[in-house]
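Hi,

Here is the structure I promised to pass on.

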Amino acid sequence: MLTEFAEWGYLGLFIASFLAATVIPFSSEIVFSALAFGGLNMWWCLAVATLGNFLGGMTCYYLGKLGKLEWIEKYLGVKKEKLDRFINRVHKHGDWFAFFSFLPGIGDAIALAAGFLRCRIWIVAVAMFSGKLLRYIVWLYINGLLLL
């Protein structure tokens, strides 16, 4: 299946990167490496993979935002005032935690939580994009395609 994505070139890389950032277990690094080593432009691969992974992460953010804070109050018995204080604390520095949404295994949960906790979208977007870009830059460096 991964080879099929590689056969589609940049579109396949975009789809693989998008899926890898959602709750679907998938590894975009294999497709990314195949295309970057296979002769496609490394910088275009970096841009396409970052954009796909970022948009997949923002999809998780919006899925998290669909959750209702009222449900926590109603079903878990948490008072609205306490919930508001917690959300305000998260907004103080927690929005930047979306940077770590590139991490395998927990990155999707971070993006979902950022949406659920109504983290500020512009800070989440900048942090998430930065983390995802850094992920692919490090991947290129580790595989010897990028010399810093």
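Below is what turned up when I went through it, starting with the overall fold and ending with a few single residues.

**Overall fold**

Please keep in mind that this is a predicted model. The protein has 8 helices and 0 strands, so if you walk along from the N terminus, the order of elements is α-α-α-α-α-α-α-α. The C-alpha trace spans about 55 × 35 × 20 Å along its principal axes. As for burial, 43% of the 148 residues count as buried.

**One face of helix 2**

Helix 2 covers residues 10-20, and its buried residues are Gly12, Leu13, Ala16, Ser17, Leu19 and Ala20. How are they arranged when you look down the axis of helix 2? They fall within an arc of 165°, so these buried residues line one face of the helix.

**Aromatic pairs**

A pair of aromatic rings is described by the distance of the centres and the angle of the planes. The count for this model comes to 9 aromatic pairs. Take Phe32 and Tyr136: their ring centres are 4.9 Å apart and their planes sit at 50°, so this pair is tilted, given that stacked means under 30 degrees and edge-to-face means over 60. The pair also links distant parts of the chain, with Phe32 in helix 3 (residues 28-37) and Tyr136 in helix 8 (residues 121-142), 104 residues apart. Both Phe32 and Tyr136 are buried.

Another pair is Phe97 with Phe100. Here the centres are 5.5 Å apart and the planes are at 50°, so this pair is tilted too. Phe97 and Phe100 belong to one aromatic cluster together with Phe99 and Phe102.

**The largest pocket**

Rolling a probe the size of a water molecule over the atoms shows where empty space is left. In this model the largest pocket holds about 180 Å³ of space. Its lining is made up of 18 residues, and those nearest the centre are Ala20, Phe26, Pro104, Gly105 and Asp108. Ala20 is one of the buried residues of helix 2 mentioned above. Helix 7 (107-116) and helix 8 each supply at least two of the lining residues. What kinds of residue line the largest pocket? By class there are 10 nonpolar, 4 polar and 4 charged residues.

Gly105 sits in the loop between helix 6 and helix 7 and counts as exposed, at 77% relative accessibility. Between Gly105 and Val138 there are 33 residues in sequence and 18 Å in space, C-alpha to C-alpha.

**Some single residues**

Ser101 is in the loop between helix 6 (80-93) and helix 7. Ser101 and Gly57 are 44 residues apart in sequence, while their C-alpha atoms are 7.3 Å apart in space.

Thr50 is found in helix 4 (residues 42-65), and Thr50 is buried, with a relative accessible area of 1%. What does the side chain of Thr50 have beside it? A polar atom of that side chain lies 2.7 Å from the backbone oxygen of Leu46.

Then there is Arg118, in the loop between helix 7 and helix 8. Most residues other than glycine have a negative phi. Arg118 is not a glycine, yet its phi is positive, about 60°. Arg118 counts as partly exposed, at 27% relative accessibility.

Asn88 is in helix 6 and counts as exposed, at 52% relative accessibility, which is over the 50% cut-off.

Cheers

Note on methods. Residues numbered from 1 in each chain as written. Predicted model: local features only at pLDDT ≥ 70, side-chain atom pairs only at ≥ 80, totals over all residues. Heavy atoms only, no water. Phe/Tyr/Trp six-rings, centres within 6.5 Å; stacked < 30°, edge-to-face > 60°. Helix = DSSP H or I, 4+ residues; strand = E, 2+ residues; numbered from the N terminus. Buried < 20%, exposed > 50% of the residue type's maximum accessible area, 1.4 Å probe, protein only. Arc of directions from axis to C-beta. 1 Å grid on protein atoms, 1.4 Å probe; cavity = no way out; pocket = protein on both sides within 12 Å on 5 of 7 lines; lining within 4 Å. Points joined across faces, edges and corners; volume = space filled by probe spheres on them. Nonpolar A, V, L, I, M, F, W, Y, C, P; charged D, E, K, R; others polar. Polar contact = N/O pair within 3.5 Å; in protein donor to acceptor, adjacent residues only side chain to side chain.
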